[in-house]
Amino acid sequence: MKKYIIGVLTIVLLANILLPMDASAITLREYEQKVQQYQNEINSKNNEIAVSKKKLDEIQKKIADYEAQIKAAEEETQRLEEEIQKNNEEIKRKNAESKKIIEYYQVSNGENAYLEYAFGATSITDMIYRMSIVEQLTEYNDRVMKELQALIDENKAKQEQLRKKQEEMKELNKKLAEEASKVKGSISSMEGMIPNLSGQMNYYQQRVKYYKSVGCDPDDQIGIDCDRPTPTGGNIVGANGFVFPVQASFRITTGYYWDQGGHKGIDIGKYCGAPIQAVAAGRVYYVGSGKDTYGAKMVMIVHNYGGRLVYSQYAHLNGYAVREGQDVYAGQTIGYMGNSGYSFGCHLHLEMSEDLGWDYPDPGNYYSYIRHIVNPYKYVPG
Ligand SMILES: [Zn+2]
């Protein structure tokens with residue numbers, strides 16, 4: 001499935017890059033539509049961000065609400081705890097009181113004080129009265145202690161309920177925090193896309209501005225009806241209009257020996273940072289260091305030469321002056337001479353192939369590109 005998607009994407013990408021070159025050139029209107037398309041994407045991303053931020057706000061409010069409830073539950077648990085302790089102390093006190101009364105009763109039941117107390121009664125009625133007071137007092141204390149114990153049990157049950165509620169809320173808050181971090185992640189990833197989208201939009205805006213400044217009309221095909229490429233910059237121009245990628249006073253350090261299984265292109269030496277120019281008008285097909293095993297920085301341009309596709313590749317650069325998808329004219333600076341990748345000193349490795357390029361038509365098939373490598377001198381003036 002993944003392979004299929006990559007395949008489709010590659011075809012779509014290549015179609016975008018190649019079709020306008022092959023069939024019809026891009027019109028100014030299409031550039032303007034590109035600007036609009038990026039503007040729409042930016043707007044829709046901004047809307048998505050606003051929606052996500054609102055959602056994040058709601059989640060954070062919920063979290064704060066649960067936190068307040070958890071805190072209230074904690075305070076209530078504390079209050080109940082104090083009440084339980086108070087009641088426990090009261091029970092102890094009553095217990096001690098009853099003990100004393102009972103002790104007194106028992107002692108009195110022996111031969112001493114009680115008898116003294118009882119017999120100290122002035123009458124039998126008085127004696128019965130005195131005995132019943134002892135009973136009443138202990139009975140009263142028992143009842144109070146039972147009531148207090150009931151209160152304690154009730155408070156403990158309340159505490160248990162609160163504990164369960166707190167646990168539930170803490171669990172909910174954990175889930176909410178996870179959700180919040182997901183939303184935050186998606187916001188920051190969407191925000192991360194905006195600069196790239198505005199960069200793209202800005203690029204197309206600049207193109208529109210430029211094409212308008214050179215008198216292109218909306219339906220004009222760029223490079224055909226207007227803004228026709230002209231070789232500039234003092235390059236050596238070949239009979240076919242191709243120019244040499246480096247301006248005067250360079251030297252060829254390695255020739256083309258690929259047909260003998262050797263070197264796939266030509267090496268051109270000048271100085272580090274010397275500007276490198278497109279050999280013909282075309283569209284930038286690749287900019288980066290991912291296509292070379294040794295990480296050489298390179299630019300690849302696809303040219304429409306009399307209806308066939310010709311690729312030019314500029315390797316070992318130390319910097320780029322173009323971006324993928326950009327249209328360039330012959331002699332336009334596309335990057336700077338460098339020493340990146342498998343290289344021993346600043347130089348330009350210029351490679352060219354015909355009809356089939358890297359990734360075309362079979363994605364990832366480097367050999368389809370290799371098989372169609374040609375001597376750059378077939379095109380560039382030598
Ligand atoms: Zn080389």
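Trainee: Hi! In what sense do β3 and strand β9 pair, and over how many bridges?
Mentor: Hello! β3 and strand β9 (residues 333-336) pair in the antiparallel sense, over 3 bridges. Strands here are DSSP runs of E with at least two residues, helices are runs of H or I with at least four, and both are numbered from the N terminus. Two strands pair if DSSP finds at least two bridges between them.

Trainee: And what kind of model is this?
Mentor: This is a predicted model: local features need pLDDT of at least 70, side-chain atom pairs count only at pLDDT 80 or more, and totals for chains, interfaces and linings use all residues. Residues are numbered from 1 along each chain as its sequence is written.

Trainee: Which residue stands opposite Ile276?
Mentor: That is Gly335, in β9.

Trainee: What is the strand order in the open sheet of 3 strands?
Mentor: The order is β3-β9-β7, with antiparallel pairing. The edge strands are β3 (275-277) and β7 (319-320), each pairing on one side only.

Trainee: What does the chain hold overall?
Mentor: There are 5 helices and 11 strands. Of its 382 residues, 21% count as buried, where buried means 20 or more other C-beta atoms within 10 Å of a residue's own, exposed means 12 or fewer, and partly exposed is in between, with C-beta atoms placed from the backbone.

Trainee: Which residues have the most contacts inside the largest nonpolar core?
Mentor: Ile276, Val279, Val299, Ile301, Tyr314 and Leu317, in a core of 37 residues. β2 (266-269), β4 (282-288), β5 (298-305), β6, β9 and β10 (348-354) each supply at least two residues of this core. Apart from it lies another core, of 7 residues, among them Ile26 and Tyr204. A nonpolar core is a set of buried Ala, Val, Leu, Ile, Met, Phe, Trp, Tyr and Cys residues joined through C-beta atoms within 7 Å.

Trainee: What is Val279 in contact with, leaving aside neighbours within four places in sequence?
Mentor: Phe242, Val243, Pro245, Ser312, Ala330, Tyr379 and Val380. Contact means that the C-beta atoms of two residues, placed from the backbone, lie within 7 Å.

Trainee: Let's switch to β5. Why is β5 largely enclosed by the rest of the structure?
Mentor: Because 6 of its 8 residues are buried. β5 pairs with β4 in the antiparallel sense over 5 bridges, and with β6 in the antiparallel sense over 8 bridges. In β5, Met300 is the bridge partner of Tyr286; in β6, Tyr314 is that of Val299.

Trainee: Where does a positive phi turn up in the hairpin of β5 and β6?
Mentor: At Gly306, with a phi near 55°; the hairpin has 2 residues between the strands. His316 also has a positive phi, of about 75°, although it is not a glycine. Most residues other than glycine have a negative phi. His316 sits in the loop between β6 (308-315) and β7, and it counts as buried because it has 25 C-beta neighbours inside 10 Å.

Trainee: Last one: where does pLDDT stay under 50?
Mentor: Over residues 8-24, for which the model has 18 contacts beyond four places in sequence, and over residues 229-233, for which it has 14 such contacts. The chain averages a pLDDT of 81, and 79% of the residues score at least 70; pLDDT is the predictor's confidence in each residue, from 0 to 100.
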